[in-house]
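This report considers the pockets and salt bridges of one protein. Please examine the sequence and the structure before reading on.

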Amino acid sequence: MPTSAEAGLPGWEMSAWFGIFAPKDTSASIVRLLNARLQAVIDDPRSKQRLLEIGAEPLGGPAPAFAERLRADYHYWGQVVRESGIKLE
């Protein structure tokens, strides 16, 4: 299978990611606690190894960085949908 660049899409990249969300009114202290606990799991060598074995790249990170990733993806894919003319049926 050709890479995206070989298929005529240089600079185009796509990946899938998973994240944990909390209700919008969740307190910042709870978000920090959940983030710290989840990061501990991601940083655990056994967890990290298992994720790598199934083809996942465990990243984690602070909640604001995840929020920025979400905003960037929303903007990017929104533009793709608008430019392509995709419509829900």
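## The largest pocket

The largest pocket holds about 1,300 Å³ of space. A pocket is an open set of points on a 1 Å grid over the protein atoms alone, where a 1.4 Å probe fits, with protein on both sides within 12 Å along at least five of seven lines; its lining residues have an atom within 4 Å of a point. The volume is the space filled by probe spheres set on the points, which are joined across faces, edges and corners.

The lining has 35 residues, and Phe 18, Gly 19, Ile 20, Gly 60 and Phe 66 are the closest to the centre of this pocket.

## Basis of the model

The model is predicted: local features need pLDDT of at least 70, side-chain atom pairs count only at pLDDT 80 or more, and totals for chains, interfaces and linings use all residues. Residues are numbered from 1 along each chain as its sequence is written, and side-chain values use heavy atoms, leaving out hydrogens and water.

## Salt bridges

The count is four salt bridges, each a side-chain nitrogen of Lys or Arg within 4 Å of a carboxyl oxygen of Asp or Glu. One of them joins Asp 73 to Arg 69, with the closest N and O atoms 3.2 Å apart.

Asp 73 is buried, at a relative accessible area of 18%, whereas Arg 69 is partly exposed at 33%. Buried means under 20%, exposed over 50%, and partly exposed in between, with a 1.4 Å probe and protein chains only. Asp 73 and Arg 69 also belong to the lining of the second largest pocket, whose volume is about 150 Å³.
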